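Keep the sequence and the 3D view open as you read.

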Amino acid sequence: MESLSNKRKVIESKPLSLWERTYLPAVVKGLAITLKHFLFRKDVTVRYPEQKREFSENFRGMHSLKRDDEGRERCTACGLCALSCPAEAITMIAAERKPGEENLYREEKYAAVYEINMLRCIFCGLCEEACPKEAIYLDGDIVPADYLRKDFIYGKDKLVEAPLNQ
Amino acid sequence: MSDKFKVTIDGIPVEVDPGTTILNAARQIGGDIVPPAMCYYSKLQGSGGKCRTCLVKVSKGSEKDPRPMPKLVASCRTTVMDGMEVQNITSPEVIEARKGVVEMLLINHPLDCPICDQAGECDLQNLGFEHGAAKTRYEFDRRTFHKIDIGDKIQLHMTRCILCYRCVFTADQITDHRIHGILNRGDHSEISTYIQAAVDNDFSGNVIDVCPVGALTDKTFRFRNRVWFTKPVEAHRDCDHPGCNGKVTLWYKGEDVLRVTARKDVYGEVEEFICNTCRFDKKKTSDWVIEGPRKVSNQSVISANHYETMHPLPVVKTNPVLQEANKEQFERETRL
């Protein structure tokens, strides 16, 4: 039957000559290729945890809750991120700002508890788009691996940006 | 001659009793042609005529005098005439005027919807979304007030008030004495109790329900949760208070009743006023007889992320009657 793709190779299986049967030429040829890659070619991999590749500009990694120019938390626990989240990874509990906490929270309401389940999160970035206060951005690193499921529920201690004066 | 008047609203004819307002005639037809209303409240005598959102164009005055009315009229205060022709959404003039009215209402209204407890069920939010411009042209400082606690259950945010007078009418007509009202005039008008007195009456909680914005809010629900994360359930109880029949909507989050409100119809107006005992003191499932989940429009943000068909409400799990009724759903849930 005629080949449809014309890519068929006809393999001739002749018996090997004595020189070929020592396998030396094939071994030398293979070693030459290995040495060429080992000595002259640049590595295609990086030594990951110590060395990191640059992310593309629109990479979406771990979330961070932002602070404003005066170091106050922007998030006001409006719940729009949780509403827009298709994976339902975000939960929060709101609290009212007490007098004297004006330097901590920007609005009169703030998120006392803000949790993202990183196992549920699909890093779609809809929370970032929904946020009316520009408080959440997915500008972090890759979420690190861990052993226990409970350790993937990230609270405010891991999500909120470091204060300004540190 | 029949004793009914024939009116045409946006080309749809309807026959109504003499003395009906254009707004109520439109509500008899229903649908998109009903003008929005911020201050008019069908259960309150004398309400309406203040916010101007219900402006319509009368293109033909009546059968006898077919001249059009010279200006746009407030449909909640204008009664129909026989043969009247009204244009609401078919008139670009009305749409333009309504956009202007929304802009005026939002001049002093703070844009703090992410904080406000009313967000998600706010009439002004809906109105602004449907009719307003995306940006404000107002450059000056908005007027601000301090929060006032009216009693231990109701909080007044004067900053958000649009001066619709609904709460004043409610206190006049539903409760036996009114101690709050509108002070000053013009741009300085504000709702207040004059000296910070507690609004303390068995029906005072209804001012929360009638408020179209977040100016009067329930202190027991303050910042507890967002409206769209709670699940509304219809329930009733035998209320011994005369004048309250105990028909309410419970707003659940998990097993907890976060809030009790009166049942609201499609226009956001309560069906029947409820007493403060039902509203503030009965926040346990055992106090109520559950009737079933409340029907929420698909367009409403309250219906977002609710999967009643897949997961019956937690209250259903403890009630054998409802458990029997939802047997099929439980089976489906366990199979999944």
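## Chain B at a glance

Chain B of this predicted model holds nine helices and 14 strands. A compact globule of 336 residues would have a radius of gyration near 20 Å. Chain B comes out at 22 Å, so the value agrees with that rule. Along its principal axes, the C-alpha trace spans about 65 × 50 × 45 Å.

How much of chain B is buried? Of its 336 residues, 38% fall in that class. Sequence distance is another way to look at the fold. Take the contacts in chain B between residues at least 6 apart in sequence: 62% of them join residues at least 24 apart.

## Domains of chain B

Chain B is divided into three parts: domain 1 covers 5-103, domain 2 covers 108-134 + 142-221, and domain 3 covers 227-306. Between the centres of domain 1 and domain 3 of chain B, taken over C-alpha atoms, lie 32 Å.

## A five-stranded sheet in chain B

Look for an open sheet of five strands in chain B. The order is S2-S1-S5-S3-S4, and the pairing is mixed. Which strands sit at the edges? They are strand S2 (12-16) and strand S4 (73-74) of chain B, and each pairs on one side only.

Strand S1 (residues 5-9) of chain B pairs with S2(B). The two are antiparallel and share five bridges.

Helix H1 (residues 22-29) of chain B lies across S1, S2, strand S3 (55-60) and strand S5 (85-87) of chain B. Helix H1 of chain B runs at about 115° to S2(B). Helix H2 (residues 92-105) of chain B also packs on the sheet, where it touches S3 and S5 of chain B. The direction of helix H2 makes about 160° with that of S3(B).

## Chain A at a glance

Now turn to chain A. Chain A has five helices and five strands. Along the sequence they follow the pattern α-α-β-α-β-β-α-β-β-α.

What radius of gyration does chain A have? The value is 28 Å, but a compact globule of 166 residues would have one near 15 Å. The C-alpha atoms of chain A fill a box of roughly 95 × 45 × 30 Å along the principal axes. Buried residues make up 17% of the 166 in chain A. Among contacts in chain A between residues at least 6 apart in sequence, 74% join residues at least 24 apart.

## Where the chains meet

## Strand partners in chain A

Strand S2 of chain A also has a partner within its own chain. S2(A) pairs with strand S3 (residues 109-117) of chain A, antiparallel, over seven bridges. Within this pair, Thr91(A) stands opposite Glu115(A) in S3(A).

S3(A) is also joined to strand S5 (residues 153-154) of chain A. Here there are two bridges, and the strands again run antiparallel. Ile116(A) stands opposite Tyr154(A) in S5(A).

Methods:
Residues are numbered from 1 along each chain as its sequence is written. Chains are lettered from A and ligands numbered from 1 in the order in which they are written. This is a predicted model: local features need pLDDT of at least 70, side-chain atom pairs count only at pLDDT 80 or more; totals for chains, interfaces and linings use all residues. Helices (H or I, at least four residues) and strands (E, at least two) are DSSP runs, numbered from the N terminus. The radius of gyration is taken over C-alpha atoms; the globule rule is 2.2 Å times the number of residues to the power 0.38. A residue is buried if 20 or more other C-beta atoms lie within 10 Å of its own, exposed if 12 or fewer, and partly exposed in between; C-beta atoms are placed from the backbone. Two residues are in contact if their C-beta atoms, placed from the backbone, lie within 7 Å. Two strands pair if DSSP finds at least two bridges between them. Axes are lines fitted to C-alpha atoms, for helices over the stretch in contact, and angles run from 0 to 180 degrees between N-to-C directions. Domain bounds come from an automatic or database domain assignment.
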